[in-house]
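Subject: Structure handover

Hi,

Here is the structure we spoke about. Please open it alongside this note.

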Amino acid sequence: LIGDFLNFYQKELATTDLNFYNSLKKVPCHGDFDTKNIIRQHKKIVGFIDLGGVSIDPTISDLQSCIHLNSLNKGKIDTNIARAIMCGYNSQIKLNKKQKGLLPILIYADILKILCWVMTEKIKSKSRLKNSEATERIKVLIWMIKNFKKFNLLIKT
């Protein structure tokens, strides 16, 4: 199964303009924009926690992380949530179609990377992770393979 995920990723990556991605302005990115890591006060965002994954990457890296972490739902990506995140982000930072076109492969890569991390953590004694962490991501990767073109079109709009 992991081999199938990697083969799909390599096929899609071969058609991705990595030079364009690498040319994008790089900024500090949180890398784990899950709702539990966003501190709010009176409905206003006032801070962030869990800064262990901070990296210097294009801003769309945080956008893909936010979509990935907040729209996983029952083995697929909730496209309504993904669309809402995209609209909110795009209201502040305008992305062109080429930038938006990078998001599906970035999301896929991030889910695959986290699946590998979860599987590595699960074999450790005293792992705090549940089996559902891996199962959910496996289901999402299968869903993404089946719906990649449709998901790509959704993200670009």
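In which loop is Lys74 found? Lys74 is found between strand S5 (72-73) and strand S6 (76-77). Helices here are DSSP runs of H or I with at least four residues, strands are runs of E with at least two, and both are numbered from the N terminus.

Before the rest, the ground rules. This is a predicted model, where local features need pLDDT of at least 70, side-chain atom pairs count only at pLDDT 80 or more, and totals for chains, interfaces and linings use all residues. Residues are numbered from 1 along each chain as its sequence is written, and side-chain values use heavy atoms, with hydrogens and water left out.

Lys74 is exposed, at 75% relative accessible area. Exposed means over 50%, buried under 20%, and partly exposed in between, using a 1.4 Å probe on protein chains only. The phi of Lys74 is near 55°, a positive value in a residue other than glycine. Val140 is 66 residues from Lys74 in sequence, yet their C-alpha atoms are 8.2 Å apart.

Strands S2 (residues 38-41) and S3 (residues 44-48) pair in the antiparallel sense, over four bridges. Pairing requires at least two DSSP bridges between the strands. Arg40 has Ile45 in S3 as its bridge partner. The hairpin has two residues between its strands, and His42 takes a positive phi near 55° there. Lys43 sits in the loop between S2 and S3. Its phi is also positive, near 65°. Lys43 counts as exposed because its relative accessibility is 84%.

**The core**

The largest nonpolar core has 36 residues. Such a core is a set of buried Ala, Val, Leu, Ile, Met, Phe, Trp, Tyr and Cys residues joined through side-chain atoms within 4.5 Å. Ile60, Leu63, Ile67, Ile77, Tyr108, Met144 and Phe151 touch the most other members. H1, H2, H3, helix H4 (79-92), H5 and H6 each supply at least two residues. H5 gives the largest share, eleven residues.

Tyr108 touches Phe5, Phe8, Tyr9, Leu141, Met144, Ile145 and Phe148, not counting residues up to four places away in sequence. Contact means heavy atoms within 4.5 Å.

Gln64 lies in helix H3. It counts as buried because its relative accessibility is 7%. Leaving aside neighbours within four places in sequence, Gln64 contacts Leu103, Leu106, Ile107 and Asp110.

Ser71 is in helix H3 too. Ser71 is buried, at 0% relative accessibility. With neighbours within four places again set aside, Ser71 is in contact with Lys76, Ile77, Asp78, Ile81 and Ala82.

**The pocket**

The largest pocket holds about 1000 Å³ of space. On a 1 Å grid over the protein atoms alone, a pocket is an open set of points where a 1.4 Å probe fits, with protein on both sides within 12 Å along at least five of seven lines; lining residues have an atom within 4 Å of a point. Points join across faces, edges and corners, and the volume is the space filled by probe spheres set on them.

Of the 35 lining residues, Gly31, Leu69, Asp110, Lys113 and Ile114 are the closest to the centre. Elements giving two or more residues are H1 (2-14), H2 (18-23), S4 (55-58), H3 (60-71), H5 (97-122) and H6 (131-156). H5 gives the most, with eight residues. The lining divides into 14 nonpolar, ten polar and eleven charged residues. Asp, Glu, Lys and Arg count as charged; Ala, Val, Leu, Ile, Met, Phe, Trp, Tyr, Cys and Pro as nonpolar; the others, Gly among them, as polar.

Best wishes
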